[in-house]
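I opened this notebook to record what I looked up on helix packing and nonpolar cores.

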Amino acid sequence: PLLKSTNVEVAKRAGEVRQQIDLRSFKEYQEVMAAREKLNSQPLTVAALEQMRQSFFKVAMYSSQNTLRQVAIQQANELQKQMKTVDEATRQLTALDQQLHLNPAPAGLARASLQIDRGSTLKTLQRYAEMLSAAQDAITSSGPEGRFTPAALKLQAEACSLTGDTKTQEA
């Protein structure tokens, strides 16, 4: 209503304030998107994803533009789905770790199978160094001609690609 005021000064001032609000909203959105990019390059946790989700809700609440508000809510919803995936992967990793630490510890193909599953789970959690370690253990446990060796080598190649470790990848 103030933008359409018959008082020219009020309408002008309302337009200036609206422009400042729009600029601030967009700047805040850019900052949250930069933080999300940074989060995507780190190991994922439910707590970190929830914090990012709350940041998007904050942007949505204070944004004056519908488009920005909709994008922020969409990002928050995507993070909610990702949180479920990370939570499930964390539980699966805990179960796999427990199986690896049984007494007696699994060996051979059983260990290789567990490590391949573990490596895939670690990939979901973006824990690439641990993923590489699991792949290498799977290769060792399966043996040079083992039936899990191709899957373990593929997992190792993915881990090396994600970490930028070209020396291990070439070996």
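How many residues does the largest nonpolar core have, and which of them have the most contacts inside it? I note first that the model is predicted. I found 26 residues in the largest nonpolar core, with L49, M52 and F56 having the most contacts inside it.

I then looked up which elements supply this core. Two or more residues come from each of α1, α2 (46-62), α3, α5 (128-142) and α6 (149-163). The largest share, eight residues, is given by α3. I also recorded a second, separate core of six residues, among them A112, I116, A138 and I139.

Next I examined the surroundings of M52. With neighbours within four places in sequence set aside, I listed V32, A35, R36, L39 and L79 as the contacts of M52.

My next entry concerns the pair α1 and α3. I noted that the axes of helix α1 (residues 8-39) and helix α3 (residues 66-100) come within 11 Å and cross at roughly 20°. The crossing of α1 past α3 is left-handed.

Which residues meet where α1 contacts α3? From α1 I listed S25, F26, Y29, M33 and R36; from α3, L68, V71, Q75, E78, L79 and Q82. Sorted by class, this contact has six nonpolar, three polar and two charged residues.

Notes:
Residues numbered from 1 in each chain as written. Predicted model: local features only at pLDDT ≥ 70, side-chain atom pairs only at ≥ 80, totals over all residues. Heavy atoms only, no water. Axes fitted to C-alpha atoms, helices over the stretch in contact; angles between N-to-C directions. Helix = DSSP H or I, 4+ residues; strand = E, 2+ residues; numbered from the N terminus. Left-handed = near helix turned anticlockwise from the far one by under 90°. Contact = heavy atoms within 4.5 Å. Nonpolar A, V, L, I, M, F, W, Y, C, P; charged D, E, K, R; others polar. Core = buried A, V, L, I, M, F, W, Y, C linked by side-chain atoms within 4.5 Å. Buried < 20%, exposed > 50% of the residue type's maximum accessible area, 1.4 Å probe, protein only.
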